[in-house]
Amino acid sequence: MKQEEIYDVIIVGAGPAGANTAISYKKLNPQLKIGIFDKALFPRDKSCGDAIGPGVINALKRFGNEHILDSEPEVVSTTLFGPKNIGIQNYIPEVQNKEDSVVYVIPRLDLDNRIFNLAKSLDVDSFEEYRYSGFTRNYDESLNVSFKNASGESETFKTTILVGADGANSRVRKDLNLSQNTDWHKAIAIRAYIDSPNYLEIFKERSLMFEINVSALRGYAWAFPSKGTLINIGIGMPLSLFKKENKNINEMLDDFVQTLESRGVIVEDIRLEKSYMLPFASSRPKLAHDKVALVGDAGSMINPMSGEGIFYGMESGFLLAENTHELIQNNRGDINKGIKSYEKSFNKRFSKHYLSCALARLVLQSPYMTQRLLSVASIDQHTIDFVVELLFDEARLTIKEVFLLGIKFLSPLWLLRIIKNK
Ligand SMILES: Cc1cc2nc3c(=O)[nH]c(=O)nc-3n(C[C@H](O)[C@H](O)[C@H](O)COP(=O)(O)OP(=O)(O)OC[C@H]3O[C@@H](n4cnc5c(N)ncnc54)[C@H](O)[C@@H]3O)c2cc1C
């Protein structure tokens, strides 16, 4: 063991959740000794839609790091398609608590490297090509964390807190004897990049295109414009249905490409197809353990309606640092209390939002309900704003909201039109 390396916090995984955990600890308390380890050599690719919204912008702004988004083109609207070709375009609504109602689409190869570089610039010890292999507990209540380095040698480091930020197949989570999400609470999705010289012309502007219950029955497909002619496309569905219907993810992507072409989008050079799992927040494991915490996908934090996970992962890292940094510095015995209050703050902030998104997911899994929702939303601005807020913000269903939506669902469309025109 490297005896000289005694860390306050060791983070396994340098994706957005892990990197923002490191940034948050260092910004809140520069004296802490933080080590961050990843099995990959950065920049590294990650299968993703690459869309980051107001939440991520706000998380970067918290510590003055929004400059990493400079010169990126802004996406200003969403276009939703449902069964029977119902399509609606809507501006990204003004979101609560956040100043920026825009979205950026930045390939994760690049975005994650930029966030990791922010952590590296803060005197965080970073170790790439270090694969986590396990941890043990010492008599003095510290932990020994072991890794295999690029040469295949084992190295062990001592720490006060261990953070599992190692993504959807988290080994740290496994070592805590926590099972993975069941297939019902997981999706499988595939991402690819294409070039499209006419995408912006077809959608009239930089618009995120979502297709619900069309190419992927009970799932959704997307086309998100990045820089120039680069478009991130993909498709996903709940894993339980995917297995039950014996689907092939590559064939699903081919079908979606055909749908895009049928809408007039020129699709060139389909490349870098990559599929991966999305553990939904509708079933979260315990995040707080004895001197160990889970953040990001390792703690199943993905929005079950939109598939968004970067924001929740980054925010969980901040909440963990906020609730524990003083306790670590003062070497107080109640660090576990801080880890527990991290879990409490996270749940307090997001539980109702996740529940609302899980309910919306159930509605959107029915082609009939999707069609009905989009028909209502095409007439009623409040409904479309609410759907888009669930996608990008922390919106939650209140009893009043359920009541209003219920009435709109049950009312004939002609009546809604008359009310709208009044
Ligand atoms: C197809 C698809 C589309 C998506 N689209 C979006 C989207 O548009 N917007 C959005 O916000 N979210 C999206 N998501 C979800 C998003 O990708 C995740 O929520 C996000 O990456 C979670 O960040 P993280 O830091 O927790 O994990 P990750 O980004 O997965 O990072 C985990 C890190 O841990 C490292 N690691 C893993 N195991 C070990 C080990 N044993 N030892 C050391 N290091 C290890 C990995 O190399 C990796 O760098 C999508 C997901 C998928 C699959």
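Reply: The model is predicted. The ligand is surrounded by 39 residues, and the closest are Gly13, Gly15, Gly49, Gly296 and Gly309. Two or more residues of the shell come from each of α1 (16-28), β2 (34-38), β3 (51-52), β8 (131-137), β11 (186-195), β14 (230-238), β15 (268-279) and α8 (310-329). By class, the shell comprises 17 nonpolar, 12 polar and 10 charged residues.

Of these elements, α1 also packs against another helix, α3 (residues 108-120), at an angle of about 20° and with the axes 8 Å apart. Because an angle under 35 degrees counts as roughly parallel, α1 is roughly parallel to α3. The crossing of α1 past α3 is left-handed. On the α1 side the contact is made by Pro16, Ala19, Asn20, Ala22 and Ile23, and on the α3 side by Asp112, Ile115, Phe116, Leu118 and Ala119. This contact of α1 with α3 has 8 nonpolar, 1 polar and 1 charged residues.

Two backbone details concern other elements of the shell. Between β2 and β3, the loop holds proline 43, and the peptide bond from phenylalanine 42 to proline 43 is cis, with omega near -5°. Strand β15 includes leucine 272, whose phi is near 50°, a positive value in a residue other than glycine. Leucine 272 is partly exposed, with 14 C-beta neighbours inside 10 Å. As background, most residues other than glycine have a negative phi, and most peptide bonds are trans.

How values were computed
Residues numbered from 1 in each chain as written. Predicted model: local features only at pLDDT ≥ 70, side-chain atom pairs only at ≥ 80, totals over all residues. Near = placed C-beta within 6 Å. Helix = DSSP H or I, 4+ residues; strand = E, 2+ residues; numbered from the N terminus. Nonpolar A, V, L, I, M, F, W, Y, C, P; charged D, E, K, R; others polar. Axes fitted to C-alpha atoms, helices over the stretch in contact; angles between N-to-C directions. Parallel < 35°, antiparallel > 145°, perpendicular 65-115°, else oblique. Left-handed = near helix turned anticlockwise from the far one by under 90°. Contact = placed C-beta atoms within 7 Å. Buried ≥ 20, exposed ≤ 12 C-beta atoms within 10 Å, placed from the backbone.
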